[in-house]
Amino acid sequence: MTATTIVDVKHLRKVYGKANEKQYEALHNVTFQMTTGEFVGIMGASGSGKTTLLNILSTLDQPTAGSVRINQQELNQLRGNQLADFRAKEIGFIFQDFNLLENMTAYENIALPLSLQNVSAKKARPMIEKIAQTLNINGILAKYPTEISGGQKQRVAAARALVHQPSILMGDEPTGALDSKSAKDLLDTMQSLNQQQHVSILLVTHDPFSASYCQRILFIKDGQIGQELKRGTKSKEAFYQDILGVLGRNEQTGA
Amino acid sequence: MLVKLSLSGIKSRFKDYLVLFSGLVMAAAIFYMFEALATNRSFIKANATFSVAPFVFQFGSVLLAIITLVYILYANSFLLSMRKHDYGLFMMLGAKAGKLGQLIFLETLVIGTLSVIVGLLAGWGLTAVVGHLLIQRLDATAAHFNALYWPAILITVIFFIVLFILMALINQRTLRKTPVLKLLKSTAQPTHVAVKPIRTAVKMIGGFVSLAIGYFVMHQIGVFQLAGIGIALVTIVLGTYLIFSSLFTWLLNRLQRREKFTSRGLNNFILAQLNFRIADYNRMLSMVALLFALALGAITTGMGFQKNIQTYTESAPYDVVLHNPTAETKKAAQKIDTKRSSQYTFKVKKQQVYFVREQFDQAPLYVQKNWRKDQIIPKYQLMSGKEMTMAEAPSWQVSLRDLLLPRDFQKDIKLVDQAEFDQLSGQSHTVKAIVSTDFFANLDAIKKTTQLDQKQNHSPANYAIGSTKYDFYQIMNSVLSGLEFMGFFLGIAFLAMLASCLMFKILSGAASDRVRYRMLDKIGAQQRLLRQAIAKEIGVLFILPGIMGIIHVLFGLQMFTVTKLLPEAYHDLWLPFLIFLVLYGLYYVLTVKLYQKIVLTKEP
């Protein structure tokens, strides 16, 4: 393990159901690493365990066995408030359904993670304006979520996820509720965030097009990481074809 | 099959139904509790000496009915919001709208009937306990008070059955008219409220003017009489509503602009929550503020009457007067913690009663001072035998006459020196006047002694022209303790109603808040912060109507001081306020706990 490893998952297991009930193993011996500045995708069909994995990585759920380190911090050692603080400081999260607070303006939504860390209003303003600039939403900061489009909402959500400069950005199907144009815009933005600002991104998706933006893809099936695909120097289109190929083969063997 | 599905739906959301059910039970219980008094004409007649009492109770009944109606409507929208999704699902699976209509009709009625039955039982128990406690605590004479009162049961049942049938019809209609897709999707989220400066200013001015008129009319109640109550009622209701819909929204907006405040923790989130809440709660909060005022007012005036009893009791100079005490009476009198005791001898002739002047030099007599302006009760000074001149005759003669038994009241009072007294023929009597250190602390001993004295002298036990503290106490207590009882009883009923109403309205919004708090949890807000946010948000919703209510009461008490009904209404206000606020506070804590449980419990 090098100092630049941002995510380090070892022998992760997650079992649902109590000991005396019928048990279901959602994750089975999952191990992988991610280096700082990487753009990694996790792909899998519904029920493959990808959401469970993301919930554990984002400290929302606890594993049954195994270890997870994010930015050198072993998650098992954190309890209660420490977990919440860890989420607030280290992780930025984008959800499929945006999860913006509809009774607060875009600006206030973005400011939320900062005020959770009690950053003063004076210090917060330039940070918010900067991230808004990056995501090209400075024109709608005073608007409420109901007054803006889905694509804009997701940009606001992304701004909220990034404003406090977390060590990693996690996305759970962030393009799932967007039209194809907005989806492409968002993915382009994420790509440039990754390439220019060196933001580490972990993207969970089942959409091959979204996945083709990643540098590396882990395919998860029945709770296990089956295959790994690297983009290397390939074009996005060629990578997209590769992904479709893997998905196709997975379908065949699964049938 | 559908019935089975519907039942399983109820089972799966049992907790939510429990909240709904207990709310309805509470409403029925309180309604019954109030009606048990309001419909009991013989109770009102026996206990309220003023003629407007039946009117006050009828008015209270109507008010409570309106509040219950509003309450039930909230409860119903809560029920509907819980069932909407299920029914949408059934429809999508091919259930016929008519069948579902029957189902929701039945469901509403079953819940309604059950809650009325349980509510009546609870109401009976509540009425008995509260009634019993009050009668005991207040030494009240609540004649004709019955915890189990049939007319009240009948009215409660009819009222609620009508309400629930109405509700069932509304629900049926709503379900049939709403498209399936809308049933499946959750209701629209509340949004922010923009402040329109001019409209807000107009509302605010209107609110203050209305309140000012109301307060002024209450102060001048002597001039406006019954019309004044009507005017005050309208203007204060209007004023309260206008203030809520302008001043508080405006204040919140001001606060939202202060970045130093909003950038700390979840402050901005709390403000945003409150902002749309208050717009949504305007009517609710105004109603709660008024109920708060009524409840607090009722308890305060109730306690005011208690003070009246004390004040008027203290207006007699002596606690007990014994006439030719026997050994038994003397023994009983020894139990009284005595501050001052004077014994005088007298002889009774056909037209005159003779006292000995020297005895008053040794033990001066309490004589009433001249009446001054603004004085509420008489004041006394000690007068010695030398001072009891003919010029001062009327005052000391009155005092001496008060010491005699009723049969001697008509005779002239004469003062002679010892030698002359000894010359007089006839039997010598003694009278012993006792002042205790504290009347109310010695009430039991004083009561016993007085009764012995009355029995031995064959004077009627309830004669109304007695002049000791105990006599005064008896008269005032019989007149006022009924009123006091009513005040407390009404106060508690109103409080229970308003607090459950507020609690229920807040809880019914909890489901939609769950998403918001879940999201805050995901982005890393500590549980402690989330709990605080809930406590603060609900706290404001409780405090605002509380403040308004207290202000209303402070002005409303004017009616009682101006009319001299409760001359010292503002004295010792803290006690009823404290009792009331503690009860109100308990409701607050309960609401916060329930809310936190609903909102912060993670779904598996």
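Chain B folds into 21 helices and seven strands; here helices (H or I, at least four residues) and strands (E, at least two) are DSSP runs, numbered from the N terminus. This is a predicted model, in which local features need pLDDT of at least 70 and side-chain atom pairs count only at pLDDT 80 or more, while totals for chains, interfaces and linings use all residues. Residues are numbered from 1 along each chain as its sequence is written, and chains are lettered from A and ligands numbered from 1 in the order in which they are written.

**View 1. Helix α12(B) has a buried side and an exposed face.**
Start with residues 327-334 of chain B, where T329(B), A332(B) and A333(B) are buried (20 or more other C-beta atoms lie within 10 Å of the residue's own; 12 or fewer makes it exposed, anything in between partly exposed, with C-beta atoms placed from the backbone). Those three sit on the same side of α12(B) because they cover an arc of only 100 degrees around the axis, taking the directions from the helix axis to the C-beta atoms. An α-helix has 3.6 residues a turn, so residues three or four places apart point the same way. Turned away from the buried side are the exposed A327(B), E328(B), K331(B) and Q334(B). What do the buried residues of α12(B) pack against? They pack against β1 (320-323), β7 (428-436) and α16 (443-456) of chain B.

**View 2. Chain B meets chain A.**
Here 24 residues from chain B and 26 residues from chain A make the contact (two residues touch if their C-beta atoms, placed from the backbone, lie within 7 Å). On the chain B side, α10 (259-262), α11 (267-313), α18 (510-522) and α19 (527-556) each give two or more residues. The largest share, six residues, comes from α11(B).

**View 3. Strand β8(A) is covered on both faces.**
All five of the five residues in β8 (201-205) of chain A are buried. In a regular strand the side chains alternate between the two faces of the sheet. In β8(A), I201(A), L203(A) and T205(A) lie on one side, with L202(A) and V204(A) on the other. Which strands run alongside? β3 (39-43) of chain A pairs with β8(A) in the parallel sense over five bridges, and β7 (168-172) of chain A does so over four; strands pair if DSSP finds at least two bridges between them. Look for I42(A) opposite V204(A), and for G171(A) with its bridge partner L203(A).

**View 4. N194(A) sits in helix α6(A).**
Follow α6 (residues 180-196) of chain A to find N194(A). Is N194(A) buried or partly exposed? It counts as partly exposed because it has 19 C-beta neighbours inside 10 Å. Not counting residues up to four places away in sequence, N194(A) touches F39(A), V199(A) and I201(A). Its helix also belongs to a right-handed β-α-β unit, made by β7(A), α6(A) and β8(A): with the strands pointing away from the viewer, the path from the first strand over the helix to the second runs clockwise.

**View 5. Four strands of chain A form an open sheet.**
The order is β2-β1-β4-β5 and the pairing is antiparallel. At the edges are β2 (24-35) and β5 (73-74) of chain A, each pairing on one side only. Two bridges join β4 (65-70) of chain A to β5(A), and R69(A) stands opposite E74(A).
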